[in-house]
Amino acid sequence: MGEEVHTDPKAPVNSLLAMRRATPAEASILLAIRREAILTLAAPAYGVGRAREWAEGSGRERIERALDLNEVWVATRGDELGGWVEIDEDRVEGLYVRPEYARIGVGSALLRHAESQIESAGHLTVALDASLNAEPFYLGRGYEALGGKPTDRGRPMRKRLGDSSP
Ligand SMILES: CC(C)(COP(=O)(O)OP(=O)(O)OC[C@H]1O[C@@H](n2cnc3c(N)ncnc32)[C@H](O)[C@@H]1OP(=O)(O)O)[C@@H](O)C(=O)NCCC(=O)NCCS
C-alpha cells in the first residue's frame, strides 16, 4: 500500500494543515488569494461592485508592506496555500481563505494561530475590524462587537485572550 494522498480540498483539514511564515516571494499568490476570497466569499454580503472596490483598493504594495512590517502566516496543505493571516502587534489585520478551502476550518485554524502568537507576545486581547460577511465567523469564535457604527474597514471587535471561548 502506498502513502495516502489527499487531492480533495474538502478533505478534513485538521492534521493536514501546517502553519508557517510567508516569504517575500509569495507576495503574488497572497494577493491572488486575497482577491479571490473577497470576490467570492465577501461578495454575497457586499454586492459584486463593492467587493470589487475592496479587492482592487489595494495592490501588491499592500502585501509587500504586510510582509515587511507585520507578521504574515500561511496555512499550507502539501504545496498548496489555503489562506493567510496578517498580525500587527495585538491586531489581526487581514484573514483570507481561498474559496476552494472555505468552510472546512482553515480560517478558524489561522485565527487560532494568530491569537496564540498575539498571546505569546504578551497581549491580553486581540482586536480586529470585521468585514460584514465575516461578523458571524468572529462572533462564533469569541469576539464581541465594540459598538458604534462600522467604519470603512469593518466593525471593530475584540476578544479577551485566555478565555475558554472558541
Ligand atoms: C471569513 C473567512 C476567513 C472564513 O474562513 P473559513 O475558512 O471559511 O472559516 P471556517 O471554515 O474556519 O469557519 C466557517 C464557519 O464560520 C462561519 N462562517 C464563515 N463564513 C460565513 C458566512 N459567509 N456566513 C455565515 N457564517 C460564516 C460559520 O459558522 C462557519 O461554520 P459552518 O461551516 O459550520 O457553518 C473567509 O470566508 C474569507 O476569507 N472571507 C473573505 C475575506 C474576509 O472577509 N476576511 C475577513 C476580513 S475581517
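Analyst: Start with contact: two residues are in contact if their C-beta atoms, placed from the backbone, lie within 7 Å. This is a predicted model, so local features need pLDDT of at least 70, side-chain atom pairs count only at pLDDT 80 or more, and totals for chains, interfaces and linings use all residues. Residues are numbered from 1 along each chain as its sequence is written.

User: What is the mean pLDDT of the protein chain?

Analyst: The mean is 90, and 89% of the residues reach 70 or more. The term pLDDT is the predictor's confidence in each residue, from 0 to 100. Over residues 1-6 the pLDDT is below 50, and that stretch has two contacts in the model beyond near neighbours in sequence.

User: How many helices and strands are there?

Analyst: The protein chain has five helices and seven strands. Helices (H or I, at least four residues) and strands (E, at least two) are DSSP runs, numbered from the N terminus. In order from the N terminus, the elements are β-α-α-α-β-β-β-α-β-α-β-β.

User: What share of the residues is buried?

Analyst: Of the 166 residues, 27% count as buried. Buried means that 20 or more other C-beta atoms lie within 10 Å of the residue's own; exposed means 12 or fewer, and partly exposed is in between, with C-beta atoms placed from the backbone.

User: New topic. Which residues are closest to the ligand?

Analyst: The closest are A37, L41, A102, G107 and S108, out of 22 residues that surround the ligand. To be near, a residue needs its C-beta atom, placed from the backbone, within 6 Å of the molecule or strand in question.

User: Which element gives the largest share of that shell?

Analyst: That is α1, with four residues. Each of α1 (27-46), β4 (91-97), α4 (106-120) and α5 (135-139) supplies at least two.

User: What about α4, why does its length agree with what a helix should span?

Analyst: Its 15 residues should span 21 Å at 1.5 Å a residue, and the end C-alpha atoms are 21 Å apart, so the two agree. The expected span is 1.5 Å times one less than the number of residues.

User: Which residues of α4 are buried, and what covers them?

Analyst: V106, G107, A109, L110, L111, A114, E115 and I118 are buried. Their cover includes β2 (71-77), β3 (80-88), β4, β5 and α5. After α4 comes G122, whose phi is positive, near 100 degrees.

User: Which face of β5 is covered?

Analyst: In β5 (residues 125-130), V126, L128 and A130 form the covered face, while T125, A127 and D129 form the uncovered one. β5 runs antiparallel to β7 (residues 155-160), and six bridges join them. Strands pair if DSSP finds at least two bridges between them. D129 has P156 of β7 as its bridge partner.

User: Is Y138 buried or exposed?

Analyst: Y138, in helix α5, counts as buried because it has 25 C-beta neighbours inside 10 Å. Leaving aside neighbours within four places in sequence, Y138 is in contact with A130, Y143 and M157. M157 is 19 residues from Y138 in sequence, and their C-alpha atoms are 8.3 Å apart.

User: And why is D88 partly exposed?

Analyst: D88 has 14 other C-beta atoms within 10 Å, so D88 is partly exposed. D88 sits in strand β3 and touches N70 and E93, not counting residues up to four places away in sequence.
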